[in-house]
Amino acid sequence: MAETKPGLRDLLVVPTLITLAVTVLRLVGEMARWSPALFNREAGGPLSLVGIVWLIPVFGVVFALRLLRAGEGPSHAGMAAGWAAAGFALNTALLVAAIKVFPTSPVAQLAVFGVGSWAAIALARPGWPALWRVLLAYGFAARIPVLVVMLFAIFREWDSHYAKPRPDFPPMGHWGLFWWTAFLPQMSIWIYLTVVLGILSGAAAVGLKRLAGGKRGASLTSPA
């Protein structure tokens, strides 16, 4: 029997609070100059072990299984993954093209990547609209607090990855940095990654669950 259909609030409250806690921990760790392996302060914070990016596949699976139990699973897990993969492929192609066309302009590359991100988000929807809706809402819930942190970090010039553009970025004022390195990426690129990677991980979990269920059913009905 399917569970009662969960609302967005039911699905998002705990993941949002966990994500906010990790964001705060990341900021505290960077400002306190804790281990760079855990709290990388360099531009982009690459491979920092403490970060909300690692929560995307985790909550993608959590949301997917909750929806499946409530009878809102995808008609076909492979199709859901396929639409998300198509969005990823589209945006990757656009980014590669932008790098070739604008090899010395990180601003132009970001602009193309941002527009492509929303095209990819739209393309990912048909495979599993219910999960798409939850992940889109979670993406905003996760990234708006980061945007607030970056606003303070940039204007107060904190020694944090939240305030640092990539090394080849052209000089510009605080508002320019906020737009190009905070608002645009957080409200497009990171939302896209949340939706696409979340659907891919969620669809994989559902596919494995259905496969395991089918094998158990076959073993129960097979002759002794």
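1. Helix H1 has 24 residues, and at 1.5 Å a residue these should span 34 Å; the end C-alpha atoms are 34 Å apart, so the two figures agree. The expected span is 1.5 Å times one less than the number of residues. Helices (H or I, at least four residues) and strands (E, at least two) are DSSP runs, numbered from the N terminus.

2. The model is a predicted one: local features need pLDDT of at least 70 and side-chain atom pairs count only at pLDDT 80 or more, while totals for chains, interfaces and linings use all residues. Residues are numbered from 1 along each chain as its sequence is written, and side-chain values use heavy atoms, with hydrogens and water left out.

3. The protein has six helices and zero strands, and from the N terminus on its elements run α-α-α-α-α-α. The C-alpha trace spans about 70 × 40 × 30 Å along its principal axes. Among contacts (heavy atoms within 4.5 Å) between residues at least 6 apart in sequence, 77% join residues at least 24 apart.

4. Of the 224 residues, 42% count as buried. Buried means under 20% relative accessible area, exposed over 50%, and partly exposed in between (1.4 Å probe, protein chains only). The accessible surface of the protein comes to about 11500 Å², and 72% of that belongs to carbon and sulfur atoms. Accessible areas come from the Shrake-Rupley method with a 1.4 Å probe; for residues, only the protein chains shown count as cover.

5. The largest nonpolar core holds 54 residues, of which Phe63, Trp128, Leu131, Val195 and Ile199 touch the most other members. The elements giving two or more residues to this core are H1 (8–31), H2 (55–69), H3 (77–101), H4 (106–124), H5 (129–156) and H6 (174–221). H5 gives the most, with 14 residues. Such a core is a set of buried Ala, Val, Leu, Ile, Met, Phe, Trp, Tyr and Cys residues joined through side-chain atoms within 4.5 Å.

6. Leu131 can be followed through its contacts. Leaving aside neighbours within four places in sequence, Leu131 is in contact with Gly60, Phe63, Ala64, Leu67, Gly198, Ile199 and Gly202. The buried residues of H2 are Leu55, Ile56, Phe59, Gly60, Phe63, Ala64, Leu67 and Leu68. H2 has 15 residues and reaches 21 Å from first to last C-alpha, close to the 21 Å expected at 1.5 Å a residue. Gly71, with a positive phi near 80°, follows H2.

7. Just after H1 comes Arg33, in the loop between H1 and H2. Arg33 has a positive phi of about 60° although it is not a glycine, and Arg33 is exposed, with a relative accessible area of 52%.

8. The loop between H5 and H6 includes Glu157 and Trp158. Glu157 is not a glycine, yet has a positive phi of about 55°; Glu157 is exposed at 59% relative accessible area. Trp158 is partly exposed, at 24%. Not counting residues up to four places away in sequence, Trp158 touches Leu27, Met31, Val149, Phe152, Ala153 and Ala163.
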